[in-house]
Amino acid sequence: MMSTHINLGKGIGKHLSSILVDEEGVSLENIWQTITDFGINREDLKKIDPTYKELFEIYSAIRAYRVSVKYLKDLKTKL
């Protein structure tokens, strides 16, 4: 039997756990707030009439980006 292991280091695992939220755990208003805070115009996005799932994917990508940036900044200060 083969197995694969991925080592994410000590810090990134705890940072990633903050973005791992299922769809049901996030209100639509919270998703819209995160998207507009990131600079994406709510009215422009509404023109394409995204589904909740599509909005959640955008929200998740923004959260992952923010966690990655924070982690890299923290890592840079440690070096």
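Let me start on the surface. Phe 38, Ile 40 and Tyr 65 form a nonpolar patch there, with about 280 Å² of accessible area together. A patch takes residues with over 30% relative accessible area and no salt bridge; nonpolar side chains (Val, Leu, Ile, Met, Phe, Trp, Tyr) are joined within 5 Å, like charges within 9 Å. Areas come from the Shrake-Rupley method with a 1.4 Å probe, and for residues only the protein chains shown count as cover. Ile 40 sits in the loop between α2 and α3 (42-46). Ile 40 is partly exposed, at 31% relative accessible area. On this scale, buried means under 20%, exposed over 50%, and partly exposed in between (1.4 Å probe, protein chains only).

A word on the source. This is a predicted model, where local features need pLDDT of at least 70 and side-chain atom pairs count only at pLDDT 80 or more, while totals for chains, interfaces and linings use all residues. Residues are numbered from 1 along each chain as its sequence is written, and side-chain values use heavy atoms, with hydrogens and water left out.

Now the overall layout. The protein has 4 helices and 0 strands. Along the sequence the pattern reads α-α-α-α. Helices (H or I, at least four residues) and strands (E, at least two) are DSSP runs, numbered from the N terminus. Of the 79 residues, 19% are buried. The protein exposes about 6,400 Å², and carbon and sulfur atoms supply 57% of that.

Contacts next. A contact means heavy atoms within 4.5 Å. Take the contacts with a separation of 6 or more: residues 24 or more positions apart account for 71% of them.

On to the inside. Which residues make up the largest nonpolar core? There are 9: Val 26, Ile 31, Trp 32, Ile 35, Leu 45, Leu 55, Phe 56, Tyr 59 and Ile 62. Helices α2 (28-37) and α4 (52-78) each supply at least two residues of this core. The largest share, 4 residues, comes from α4. By definition, a nonpolar core is a set of buried Ala, Val, Leu, Ile, Met, Phe, Trp, Tyr and Cys residues joined through side-chain atoms within 4.5 Å. In soluble globular proteins, nonpolar side chains tend to be buried together.

Look at Leu 55. Setting aside residues up to four places away in sequence, Leu 55 touches Leu 28, Ile 31, Trp 32, Ile 35, Leu 45 and Pro 50.

Stay with α4. Its buried residues are Leu 55, Phe 56, Tyr 59, Ile 62, Val 67 and Tyr 71.

Last, the salt bridges. The structure holds 3. Each needs a side-chain nitrogen of Lys or Arg within 4 Å of a carboxyl oxygen of Asp or Glu.

Arg 42 pairs with Glu 29 at 3.5 Å, N to O. Arg 42 lies in α3 and Glu 29 in α2, so the pair ties together parts 13 residues apart in sequence. Arg 42 is partly exposed at 26%, and Glu 29 is partly exposed at 46%.

Lys 47 pairs with Asp 44, with the closest N and O atoms 3.5 Å apart. Lys 47 is exposed at 67%, whereas Asp 44 is partly exposed at 44%.

Asp 74 meets Lys 70 at 3.1 Å, N to O. They are 4 residues apart in α4, so about one helical turn separates them.
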